[in-house]
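These are my notebook entries on a structure that I examined one place at a time. Each entry records what I looked up and what I found.

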Amino acid sequence: MTLLTMTGIGKTFPGVRALDQVDLEVAEGEVHCLLGQNGAGKSTLIKVLSGAHQPDDGEITWRGDKATLPSPVAALRLGIATMYQELDLVPDISVAENVFLGHEPTRFGFTRRKAARNHTRTLMARLGHPEISPDREVGRLSAAGQQLVSMARALAHDARLIVMDEPTAALAADEVDNLFRIVGELTKDGVAVLYISHRLEEIRRIGTRVTVLKDGRTVAANLPAHTPTDLLVDLMSGRKVDTVFPHRETSTVDTTREVLTVTGLTRKGEFSDIGFHVHAGEVLGIAGLVGAGRSEILETVFGARKPDAGHVAVDGKPVKPGSVVAAVKAGIGLAPEERKAQGLLLDLSVAHNVTLSSLPAYSRAGFMDRARELKDSKATLERLDLRPADPRRLVAEFSGGNQQKAVVARWLVRGCKVLLLDEPTRGVDVGARAELYRVIHELAAAGVAVVLVSSEVAEVLGLADRVLVLRDGEVVADRRADELTESAVLDIVMAGSAITEGAATEEVQ
Amino acid sequence: MSDVTVLDPKSAPPQERPKHRRNLDLRLTGLLGVLVVLCIVGYATRPDSFLTEANISTMLRLAAAIGVVSVGMTFVIISGGIDLSVGSIVALAGVWMTTVATQSYGPVVMVLCALLVGLGCGLVNGLLISYGKVVPFIATLAMYASAKGLAERLSGRRTQVVTETGFTTFFRGDILGIPVLIWMLAAVFAVGWVVLNRTTFGRRTFAVGGNAEAARLAGIDVRRHTALVYGIAGLCCGIAALMVVARTTSGASTNGMFYELDAIAAVVIGGTLLSGGRGSLIGTLIGVLIFTVVGNIFTQNNLDTDIQNIAKGVIIVAAVLLQRTTTRRRAHAT
C-alpha cells in the first residue's frame, strides 16, 4: 500500500532552482532508494520530507490524505523520521536522553527517567545491540553506535518512514551487515525506508525500488533495484561516465627514488611497528576495516599525532615526529578523512583555502600577493576541473566532490612530494569520482608519492600500484595490486589472527 | 546543503563581487546608516554644539583609547578567542609608565614601558592559552584580576600625575591641526586593517578562528599564532594606556575600567562573529564610533549615565538582531 506520494515538488532558493519537478512514491515495507549526483536535489528533498524546508509547489500525500509538513516536529508526529548524514545527536548527554529528546515521557511535569531508560534498553535490543547502555554518553560511542541511537530515536517516535542519508558512509563492513539486518526487520514490520547512498552495490543488496534525481527533477521513478549499473549511471549523469578506473598505460613508478620511508611506526593502542616505503610516482593503497588504524597511521605520518616509536623520512631525510609544520615543510600533504571538520575553512573563499599551506610563497615580507594568488588558484581549479572555477567563491557553496578537489588543490599549489589521501571519495558522486581518480593518476605521473586510504577495496585495487592490508593496527599483507583481488583482500581483512601470511597468499593464487 | 548551491556558472558573471563580500558590504552600510542616524539625532538635539569642530575632536579623542583596544580585540575574536583582561592591562601599563621611577628616565622610556608591559601581559595570556591549554575566558579572567591587583599595588591606589612635560606636550599636542591621539587611532586602525586583510598573519588569523583543526592540518603553527594574536591585543592595550595617560595626564589603577566590555560590544556590533573566523575591522571602527556618539549625545543633553548604559545595551541587541536578519535573508541558499 502506498505510504507517501510526492508530486511535482518544487523549491527555489535565491538564484537556484533546487527542486523542479520531483515525484516520489514510497510503499509500506519497502526500501526505496534515492539516487542522484551531488547537487541533484537529494538533500533538499530530504529536508522537505523532514519538515525543515517548505516546498514552493507540489503536493504531498501521506497514507491517502493530503499532508503538509510545516516543521520537523510535525513530520515526526506524522511518522517521518530522518537520520541525517551528519548525525544530529547531542554528544554530552546519555543515549536514553538523546532517544527521547524533545518527547521525554513525563508525569506531572517531571521526566520519568526510568521509563525512558527501560524503553531505550528495549529499543537497543531490538536493534541488535543490547550492550549499549542507555546511560552511556553518546559522544563516547563509535560512529556506528551513534547511528544506532539515531535509529532508536526514529523507532521511539513510531516512525512509519525512516529517511537514511548515506547511513553506511562511516561504517565498517560488519556494521553495514548489522544495519542491513535491522533495515530488513523494520521493513518486515511494514516500516518504509527511504535510502540514499552513492554505493550501487548496497542498493542491489537491500533496495526494493529506485528513483533517480537529476538537476532537481525525477528522471526515472520506481525502477527495480536490479536495474543495470550502466543505465542508472546514465540516468544520474545524463552522460556516459566511465566508472571503471582509468587504465594506466605504463607504470609511473620510479623505483630508483624512494620518497617516503616509514619504519617501525607505533602508537600504543592504535597501531604497532608499521613500516612501508613509497617511490616517486607510486600509489600505495591502504586497505582495512574502519578502526584498523588507517587514518591514525596517515595522521601520524603527517605529524598530527605523535608516535610512541618509529621514524618518517622524506627523500631519506628524517622528519621531526609529531609536528605538522615539519611534515609540511618536508613536502608531505594530507587530505583528511573529515573534509569539512579537518580540511576546509568553509567561511573562506576557495583561493584562501587553496593557498593556506603556501602562504610564504604567495607573499613578500608578509604581504599577500593577491593577484598571483587568484591567478594560480584559478589555474589549479581548472586543472582539477573544479566547477565553477571561480576562486573567490566561498568553499561552503561547493558540492562534496568539488570541496575534495579544493583540498587536493591546496597541496598541488604547494607542490608536495608526498600526498596522503584519507577516504578521498567519501560522499563524492560518480562523475566527480572519476575525475578524482584521474587527478590521482596525474599526480603520480608527475612524480608525487601517493598514499591512499579507502574503505572501498575496489578503489584501492583500481588505483594503487601496491597495497598494504591492515588488521588491528598491524600490516598483514604488502603486495602488488595486480596480485590481489577484491575477495582476496576482504579475506585477509576479515580473517581472524589464525590465518597466517602464507595461507592468505595461497588463497590469492 | 550542497544540493542548492551549485549555481550555473553562466548565471554569475565573473566580475560580480562574490556573494559573501556583498553581504559584508550590506552589513557595513547598515551600520554606517545607524551612525548617520545617531549623528542626525545629535544635531537635532544640539544644533549649536554637536557638529562643531571642538565637539568632534572631543568625541574622537575619547574614542581613541577604546578604539585601539578594540583593534586588538577584533584580532583576538576573529582568531576564535576572547580577551577579558584588556581593561586591567591598560591600567597596569598606565600605572607602570607613570611611576616616579619611570618618569625620571624621560618620555621615550615611558612610552617603551607602556608598550612592553602591554605586550608582555598579552604574551602571557597567549602562552597560557596556546601552550598551557587554558581556555581563553579563564586565562584572561585571571590576567584581568592579577594585572588589576598589580596596578593597585604599584600605585598604592593613588593617582600618579605626569610631571614629565615632554610627554604631555607631544601627546596632548596637534599635528597639522589634528590632535596626536586621533592620528594614533587612525594609524592603529590603518595598520590593523592592512595586517588583517593583506598579510599572511591576517590570513592565518581567519584560518585559526574559522577552523583550528583544519588550520593545523594545513601546516599552520596554530599555537604560536594564537600566542602572537594575544600579544597584539596586549600591545594595543599598551598603546591605549599611553593615550589614556596623555588625555588625563595621570596614571591610575582605575584607568581602562570596563574597556573589555566596551571593546567586545564594539567588535560584536561591528559584525565580527564571537565564534571566530569572520569579522571586519571597519565594522569595529563604526561600532566604536556609534558608542562614542551615543555617549556624547547623552552628555550634551545632560542626561544621566544610567540611561546611557541602558541605551548601549539596547543598541548592542538591536545591532546584532538587525545584522542577523539581513544576512539570513541574503545568504539563505548557502
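**Entry 1: V407(A) and its surroundings**

I began with the contacts of V407(A): setting aside neighbours within four places in sequence, it is in contact with L334(A), A335(A), P336(A), R339(A) and L344(A). I note at the outset that the model is a predicted one. V407(A) belongs to helix α14 of chain A, which covers residues 400-414. Is V407(A) buried or exposed? Its relative accessible area is 1%, so I recorded V407(A) as buried.

**Entry 2: E423(A)**

I next turned to E423(A), which sits in the loop between β21 (418-422) and α15 (430-445) of chain A. Its phi is near 50°, which is a positive value in a residue other than glycine. I noted the background to this: most residues other than glycine have a negative phi. With a relative accessible area of 5%, E423(A) is buried.

**Entry 3: K133(B)**

I then looked up a residue of chain B that also has a positive phi without being glycine: K133(B), with a value near 55°. K133(B) lies in the loop that runs between α5 (107-130) and α6 (136-155) of chain B. Is K133(B) buried or exposed? Its relative accessibility is 63%, so K133(B) counts as exposed.

**Entry 4: Chain B as a whole**

I recorded some totals for chain B. How many helices and strands does chain B have? There are 14 helices and four strands. Chain B has 334 residues, of which 52% count as buried. I also considered its contacts with a separation of 6 or more: 78% of them are between residues 24 or more positions apart.

**Entry 5: Helices α2(B) and α11(B)**

I examined a pair of helices in chain B, α2 (residues 53-78) and α11 (residues 222-248). Their axes come within 8 Å and cross at roughly 175°. Why is this pair called roughly antiparallel? Angles over 145 degrees count as roughly antiparallel, and therefore α2(B) is roughly antiparallel to α11(B). On the α2(B) side, the residues that make the contact include L62(B), A65(B), V69(B), G72(B) and V76(B). On the α11(B) side, they include V229(B), A233(B), C236(B), A240(B) and V244(B). Sorted by class, the residues of this contact are 17 nonpolar, one polar and two charged.

**Entry 6: Helix α12(B)**

I asked how many residues of helix α12 of chain B (residues 259-269) are buried. Nine of its 11 residues are buried, so α12(B) is largely enclosed by the rest of the structure. Among the buried residues are Y259(B), E260(B), A263(B) and I269(B). Just after α12(B), G271(B) takes a positive phi of about 95°.

**Entry 7: T199(B)**

I looked up T199(B), whose place is in the loop between α8 (180-198) and α9 (200-210) of chain B. T199(B) is buried, with a relative accessible area of 8%. Which residues does T199(B) touch, not counting those up to four places away in sequence? They are G366(A), F367(A) and M368(A) of chain A, together with V194(B).

The largest cavity holds about 70 Å³ of space. It is lined by 14 residues, and those closest to its centre are T300(A), V312(A), V319(A), K320(A) and P321(A). The largest share, three residues, comes from β16(A). By class, the lining of the largest cavity has seven nonpolar residues, six polar and one charged.

The second largest cavity holds about 50 Å³ of space. I listed its lining as E166(A), A169(A), H198(A), R199(A), R426(A), G427(A), R433(A) and E456(A). This lining divides into one nonpolar, two polar and five charged residues.

How values were computed
Residues numbered from 1 in each chain as written. Chains lettered and ligands numbered in written order. Predicted model: local features only at pLDDT ≥ 70, side-chain atom pairs only at ≥ 80, totals over all residues. Heavy atoms only, no water. Axes fitted to C-alpha atoms, helices over the stretch in contact; angles between N-to-C directions. Helix = DSSP H or I, 4+ residues; strand = E, 2+ residues; numbered from the N terminus. Parallel < 35°, antiparallel > 145°, perpendicular 65-115°, else oblique. Contact = heavy atoms within 4.5 Å. Nonpolar A, V, L, I, M, F, W, Y, C, P; charged D, E, K, R; others polar. Buried < 20%, exposed > 50% of the residue type's maximum accessible area, 1.4 Å probe, protein only. 1 Å grid on protein atoms, 1.4 Å probe; cavity = no way out; pocket = protein on both sides within 12 Å on 5 of 7 lines; lining within 4 Å. Points joined across faces, edges and corners; volume = space filled by probe spheres on them.
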